[in-house]
Amino acid sequence: MEIQSNFSLKNYNTFGIEAKAKQFAAVHSVEELKTILAANKNEKKFILGGGSNMLLTQDIDALVIHIDLKGKKIIKEDDDFVWVESQAGEVWHDFVLYTIDHNFGGLENMSLIPGNVGTTPVQNIGAYGTEIKDTFISCEAMNITTQEMKSFTNAECNFGYRESIFKNEVKDQYIITSVIFKLTKRNHKINTSYGDILAELAKNNITEPTLKDVSNAVIAIRQSKLPDPKELGNSGSFFKNPILLKSDFEKIHQKFPEMKYYEVSETEVKVPAGWLIEQAGFKGKRFGDAGVHKNQALVLVNYGNATGQEILAVSKEVQKTVFETFGIHIEAEVNVI
């Protein structure tokens, strides 16, 4: 396990931002992780997964530890369900495809989300009506200070909309090393409740979709809306969809009756941030090498040589204008470093 100095992180973040790590090491096993943490107790540390949910606005004056643990296995199964464990460094989309190839159901709606498996519980990632919490059983995590392992159950993770215990109560205290999912082997709950998926399936004359059909539909939708980070630096959805109290929303909705929304509960509604940003005039807008994507206003992009500070400035301008226009604050989903 080599520790390198003044290491470029350009290829380790999906925005493709040029930033340097004071020191950098990739770990490939729990033992290696334990060793490097124990040997660098007093060093400032920065834990790096797939680099898909962060915006680097500066060099990292710390030891950057890249979690590159690989492997997946079935740990138990019965007639209806299978419990599959994936190591944290597995690419999320590759893992989803692995489950579909084995006809395991539950993750297909989250196809093509960027990032690695280990960071999926942190954000409680989700798409098209499903979230990690729906299939998550538990994860193993290492305490950064003591190197002791701890298992977190679904209930202990305090999952919410793009929220978990790892973003709040135990933030920066643990490194997730593996995750266990409980998936269906038969009687799959095919979720096509989102109109985009239904439209994509109809386009292909599919009336009784399989897991693979749903996955393919999601991939097609995402590819039509979202740029490939290898071609155009981005971090997927930059902003969360705001959730408002119905009483507050109704006042805003009177002024903007065309505003789209989805009911979340009896008291709350979710407003698509992409719609707000597009209506505020930012879709496809470019500011030097930073900008808002032409097909999906939720996505901020690096056209080549944008700095993290320039992309951050665009995000703040978007937030400011949306608030001035609609009186709604949109939060960044991406971690700004």
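Predicted model: local features only at pLDDT ≥ 70, side-chain atom pairs only at ≥ 80, totals over all residues.

Trainee: The annotation comes from an unreviewed UniProt entry. The residues it covers are spread over 172 residues of sequence, yet they cluster in space, with a largest C-alpha distance of 11.6 Å. According to that entry, they are Arg162, Ser237 and Glu333.

Mentor: Leaving aside neighbours within four places in sequence, with which residues is glutamate 333 in contact?

Trainee: Contact means heavy atoms within 4.5 Å. With neighbours within four places in sequence left aside, glutamate 333 is in contact with Asn53, Gln123, Arg162, Ser237, Phe238, Phe239 and Lys240.

Mentor: Is serine 237 buried, partly exposed or exposed?

Trainee: Serine 237 lies in strand β13 (residues 233-237). Its contacts include Glu333 and Val334. Because its relative accessibility is 26%, between the cut-offs of 20% and 50%, serine 237 counts as partly exposed.

Mentor: How many aromatic pairs are there, and what is the arrangement of phenylalanine 238 and phenylalanine 239?

Trainee: The count comes to 16 aromatic pairs. Phenylalanine 238 and phenylalanine 239 lie 5.1 Å centre to centre, with 65° between the planes. Both residues are buried. Since planes over 60 degrees apart count as edge-to-face, the pair is edge-to-face.

Mentor: Why is the pair of phenylalanine 249 and tyrosine 261 called tilted?

Trainee: The ring centres of phenylalanine 249 and tyrosine 261 are 4.8 Å apart. Phenylalanine 249 belongs to helix α6 (residues 246-255), whereas tyrosine 261 is in the loop between α6 and β15 (262-263). Planes under 30 degrees apart count as stacked and those over 60 as edge-to-face, so this pair is tilted because its planes stand at 50°.

Mentor: Over which ring does the charged end of lysine 72 sit?

Trainee: One aromatic cluster is formed by Trp92, Phe95, Tyr98 and Phe181. The charged end of lysine 72 is 5.2 Å from the centre of the ring over which it sits, that of tyrosine 98.

Definitions and conventions. Residues numbered from 1 in each chain as written. Heavy atoms only, no water. UniProt positions renumbered as here; feature names shortened; annotations may be inferred. Helix = DSSP H or I, 4+ residues; strand = E, 2+ residues; numbered from the N terminus. Buried < 20%, exposed > 50% of the residue type's maximum accessible area, 1.4 Å probe, protein only. Phe/Tyr/Trp six-rings, centres within 6.5 Å; stacked < 30°, edge-to-face > 60°. Lys NZ or Arg CZ within 6 Å of the ring centre and 35° of its normal.
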